[in-house]
Each structure stands twice: as structure tokens, then as C-alpha cells.
Amino acid sequence: MGGTVSSPTPNLASVLEGVGTDMRLKFPPHLAEMTEKKVRFRNVAIWRQAFLGGTIDHHTVVYEYKGTGGRQMSLALDWGREGLSFTDSAEDPCTHGDVLERKWLPRLPPDEVLKHWEPVKDLVYVLATWNCQHFSRYMYDLADSGVSDRVAVDEPEKGA
């Protein structure tokens with residue numbers, strides 16, 4: 001998207017204190033700009049970064065797409081005490097983490113991600129009931145809903 005939209009990288013403080021300044025109001029315009037540029041997400045993943053010897057995990061949901069010049073880009077969404085924080089860049093979205101789950105998306109448009117975001121945008125972080133794991137799982141699970149009509153996929157022939 002030209003530049004890097006960024007917020008602080010998750011670390012122990014982000015798990016215990018939050019992920020940084022709330023970017024909820026910046027998220028819809030960012031997705032609108034991506035939609036205008038005809039960006040399509042190709043994959044979505046849940047990344048996990050462990051802290052305190054693996055006793056605490058921070059989860060991030062990451063949407064991957066091809067940027068200008070075919071560069072691999074990642075839109076990483078973090079949910080914390082302050083709300084939503086996100087980065088959109090070619091950098092590794094979670095340098096000390098690992099991918100828990102990843103799935104291919106049939107060209108998911110950013111405006112569809114906005115539809116997934118709308119029902120939860122005003123929720124408050126609650127450690128036991130609505131934390132980074134719940135948020136990441138929610139966004140991940142919805143990522144391939146309603147997109148099956150966007151791409152025709154040939155089924156393999158029987159006996160082949």
C-alpha cells in the first residue's frame with residue numbers, strides 16, 4: 001500500500017498490558033483503500049508467539065496478499081486491552097512466532113474482512129472471554145465464509 005502501516009510488535013508487555021494504541025478507526029479506511037486497489041487476500045493464518053517459557057501465548061491473525069511488484073505482504077491484526085492494532089507490510093508478521101493454522105482463500109476482498117470486523121469492532125478485551133485468541137479464531141473462521149462463489153474450482157475426475 002505504498003508505505004507501512006504499523007503498530008508496536010507484540011511482546012511480553014503487549015500480552016500483559018496491551019498491543020498499543022487502538023487503531024479501530026484507522027482499520028475501515030485502510031481496508032477501503034485496499035479494496036480500491038483491488039487487493040485480494042490469498043491466505044489467512046493464526047500466528048502464535050509464546051512468552052514466559054510457553055506459559056502465555058499471544059495470537060495474531062494474518063491475511064496474506066501480493067503487493068506491488070508481486071511482493072508478499074501481510075496484514076496482521078492484533079487484539080489487546082486497548083483494542084485493535086495492525087500492521088501491513090512485507091516484514092515477517094511474527095518474527096518469534098509460529099503458524100498454528102493457515103488456509104488458502106479464493107481471493108478474499110478486504111471489504112469482506114470489513115464485514116467480519118463490523119460485529120466485533122466495539123467489543124472490549126476481556127481476558128477470559130474475548131482476548132487475542134478469541135479474536136483471531138473469529139476472524140480466521142469467517143475468512144472463507146461466503147467466498148466459494150468467487151472462484152470456480154474443478155473437482156478431480158473420479159478414478160483419476
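Okay, helix α2: the buried residues of α2 pack against β1, β2, β3, β4 and α3. Here helices (H or I, at least four residues) and strands (E, at least two) are DSSP runs, numbered from the N terminus. Contact means heavy atoms within 4.5 Å. And buried means under 20% relative accessible area, exposed means over 50%, and partly exposed is in between, with a 1.4 Å probe and protein chains only.

Before I go on, this is a predicted model, so local features need pLDDT of at least 70, side-chain atom pairs count only at pLDDT 80 or more, and totals for chains, interfaces and linings use all residues. Residues are numbered from 1 along each chain as its sequence is written, and side-chain values use heavy atoms, with hydrogens and water left out.

Back to α2, residues 27-36. Its buried residues are Phe27, His30, Leu31 and Met34. As a reminder, an α-helix has 3.6 residues a turn, so residues three or four places apart point the same way. After α2 comes lysine 38, with a positive phi near 65°.

Now the sheet. It's an open one, with 5 strands in the order β4-β3-β2-β1-β5 and antiparallel pairing. The edge strands are β4 (83-89) and β5 (98-108), each pairing on one side only. Two strands pair if DSSP finds at least two bridges between them. From one strand to the next, the twist averages 20°. For angles, axes are lines fitted to C-alpha atoms, for helices over the stretch in contact, and the values run from 0 to 180 degrees between N-to-C directions.

Take the β5 side. Strand β1, residues 41-51, pairs with β5 in the antiparallel sense over 7 bridges. Valine 44 has lysine 103 as its bridge partner in β5. What sits on this sheet? Helix α3 packs on it, touching β1, β2 (56-66), β3 (72-80), β4 and β5, and the direction of α3 makes about 120° with that of β5. Helix α4 packs on the sheet as well, touching β1, β2, β3, β4 and β5, with its direction at about 30° to that of β2.

Over on the β4 side, β3 and β4 form a hairpin with 2 residues between them. There are 7 bridges joining this antiparallel pair, and leucine 75 stands opposite aspartate 88 in β4. β4 is mostly covered, too: 7 of its 7 residues are buried.

What about α3, residues 110-117? The buried residues there are Pro110, Glu112, Val113, His116 and Trp117. They cover an arc of only 155° around the axis, which puts them on the same side of α3.

Serine 136 is in α4, residues 132-142, and counts as buried because its relative accessibility is 0%. Leaving out residues up to four places away in sequence, serine 136 touches Ile46, His59, Thr60 and Val61. Valine 61 is in strand β2 and is also buried, at 0% relative accessible area. Setting aside neighbours within four places, valine 61 contacts, among others, Val44, Leu75, Phe135, Ser136 and Tyr140.

Last topic, the rings. How many aromatic pairs does the structure hold? There are 10. Rings of Phe, Tyr and Trp (its six-membered ring) pair if their centres lie within 6.5 Å; planes under 30 degrees apart count as stacked, over 60 as edge-to-face and the rest as tilted. Phenylalanine 41 and tyrosine 65 are an edge-to-face pair, 5.7 Å centre to centre with 80° between the planes. Phenylalanine 41 lies in β1 and tyrosine 65 in β2, so the pair ties together parts 24 residues apart in sequence. Phenylalanine 41 and tyrosine 65 are both buried.

Then there's tryptophan 79 with tryptophan 130: ring centres 6.4 Å apart and planes at 65°, so that pair is edge-to-face. Tryptophan 79 lies in β3 and tryptophan 130 in the loop between α3 and α4, so this pair ties together parts 51 residues apart in sequence. Tryptophan 79 is buried at 1% relative accessible area, and tryptophan 130 is buried at 13%. One aromatic cluster is formed by Phe27, Trp79, Phe86, Trp117, Trp130, Phe135 and Tyr138.

Conventions: The arc is that of the directions from the helix axis to the C-beta atoms.
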